[in-house]
Amino acid sequence: MNVLHLVAGELDRGAARGAYWLHQALREIGVDSHILSNATNTYGDESITSLASTPVGRLKFAVAKRLGRAPVRAYRGRQRRIFNTGFDGIDFTHHPAYAAADIVHLHWINGLVRIGMLGRVTRPMVWTLRDMWPFTGGCHYAMDCQRYTEACGRCPQLRSDSEHDLTFKLLRRKQKSLPRHMRIIGISQWLSGCARRSAVFRDHEISTISNNVDTRAFTPLAKTDARHALGLSDAKKIVLVGAQDAAEFYKGFELFLDALSHLDRDSVQVVLFGGQGSAIPDTLGIQSTHLGYLSDTDALRSAYSAADVFVAPSRMDAFGKTLVEAMACETPVVCFDATGPKDIVEHRMDGYKAEPFDAADLARGIRWVVEQSPEDHASLCRLARRHAEQRFDSRVIATQYEAVYRQAIAGTSVDLPVAAGQAG
């Protein structure tokens with residue numbers, strides 16, 4: 001069985017990282033897995049083909065990206081949030097990797113695959129939804145808007161009053177382009193539920209398989225050693241927060257700041273990683289350290305291991321890979337009981353799920369974790385690691401995908417076991 005993954009973006013970050021780990025785990029369990037990507041770094045892996053490995057290739061993608069974004073620029077008053085048209089990318093059906101494939105697996109494809117050509121794919125196809133974009137008119141998170149369940153139009157993110165705006169046209173294009181034989185996989189019960197209600201995917205077969213983390217790469221370090229490596233004190237409880245861009249609206253950083261106002265400022269130190277847009281105001285009077293953007297696994301592992309608790313205050317998240325990375329490093333997690341993260345944390349067992357989106361309860365969860373006795377906190381940490389290994393390790397998830405591939409090739413229905421904590 002030859003599986004071809006379509007993965008846009010650098011393979012060491014964001015959604016592409018989970019796809020890359022899955023690819024590696026599939027090969028480990030004996031699946032002939034290959035990646036076609038526009039990443040600039042393939043790590044010398046012959047099973048990865050980059051279409052942006054040359055200056056000419058990179059130029060083609062840069063030009064296509066600019067052209068793909070051109071229609072959005074007409075909406076001058078739009079909110080500055082991630083939005084993609086799906087106009088840019090390639091027709092991969094002419095590539096030799098496609099000719100050799102038994103099944104095609106789409107992941108994050110923005111900028112790599114032109115949405116209009118998916119109807120030409122004759123191979124069985126699986127699409128792992130890593131946010132809401134595949135079934136919206138261009139936004140990646142719809143927030144309170146439900147128009148993707150009908151026809152889009154009058155888009156609040158574009159600040160459009162037209163029923164037949166760009167989002168209406170893009171949604172219609174997806175409805176016409178996407179083949180019915182595609183298997184749809186949401187990385188959380190919440191995301192799968194959104195897909196089932198969508199105008200694009202309501203007639204498709206939709207299953208849920210969690211995102212995955214390489215729990216052999218993310219293992220705990222001795223807390224004292226991790227803190228010393230990062231120059232952190234042993235005197236306070238370390239509250240860690242971060243993401244690829246912690247200041248992104250969806251990540252709820254201002255809710256975290258509100259929660260900090262409910263904590264004892266003298267007993268905690270906040271450690272942040274991610275974009276420079278996130279910072280702790282001096283007016284809160286809480287000691288803080290910013291580690292900057294971390295993509296290296298060893299650096300992330302040190303940060304997670306140094307912390308007493310990891311806080312994920314997202315308003316909306318398709319899954320929450322950083323939560324599992326923290327848990328794999330034996331760090332309990334506090335999040336809101338909403339969207340993707342609610343599938344990950346088991347309340348008061350390996351962390352705390354706060355009432356959405358109550359900053360005071362988020363603070364209550366932080367205190368609940370850091371004020372545990374040393375013995376009870378150690379038990380929380382061990383259970384977090386065990387749950388990460390049992391439910392989210394890349395090899396566990398790869399086995400589930402192998403079953404999906406075989407069913408898709410055979411034309412049978414998907415029948416996946418529901419993991420603990422994922423019933424929806």
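Hi everyone, let me start where two helices touch: Val324, Met327 and Ala328 in helix H9 meet Ala384, Arg385, His387, Ala388 and Phe392 in helix H11, contact meaning heavy atoms within 4.5 Å. By class, that contact has six nonpolar residues, one polar and one charged. Here Ala, Val, Leu, Ile, Met, Phe, Trp, Tyr, Cys and Pro count as nonpolar, Asp, Glu, Lys and Arg as charged, and the others, Gly among them, as polar.

A quick word on the source: this is a predicted model, where local features need pLDDT of at least 70 and side-chain atom pairs count only at pLDDT 80 or more, while totals for chains, interfaces and linings use all residues. Residues are numbered from 1 along each chain as its sequence is written, and side-chain values use heavy atoms, leaving out hydrogens and water. Helices (H or I, at least four residues) and strands (E, at least two) are DSSP runs, numbered from the N terminus.

Back to our pair. How do the axes of H9, residues 321–328, and H11 cross? They come within 7 Å and cross at roughly 125°; axes are lines fitted to C-alpha atoms, for helices over the stretch in contact, with angles from 0 to 180 degrees between N-to-C directions. H9 and H11 are therefore oblique to each other; that word covers what is left after under 35 degrees (roughly parallel), over 145 (roughly antiparallel) and 65 to 115 (roughly perpendicular).

Is H9 enclosed or open? Seven of its eight residues are buried, so H9 is largely enclosed by the rest of the structure. Buried means under 20% relative accessible area, with exposed over 50% and partly exposed in between, using a 1.4 Å probe and protein chains only. The buried residues of H9 pack against H1, H8, S11, S12 and H11. Just after H9, Glu330 takes a positive phi of about 65°.

Now the sheet. It is open, with seven strands in the order S3-S2-S1-S4-S5-S6-S7 and parallel pairing; two strands pair if DSSP finds at least two bridges between them. The edge strands, S3 (48–50) and S7 (205–208), each pair on one side only. Four bridges join S5 to S6, and Thr128 has Ile185 in S6 as its bridge partner.

Finally, helix H12 (394–410) packs on this sheet, touching S1, S4, S5 and S6. Among its buried residues are Ile397, Tyr401 and Val404.
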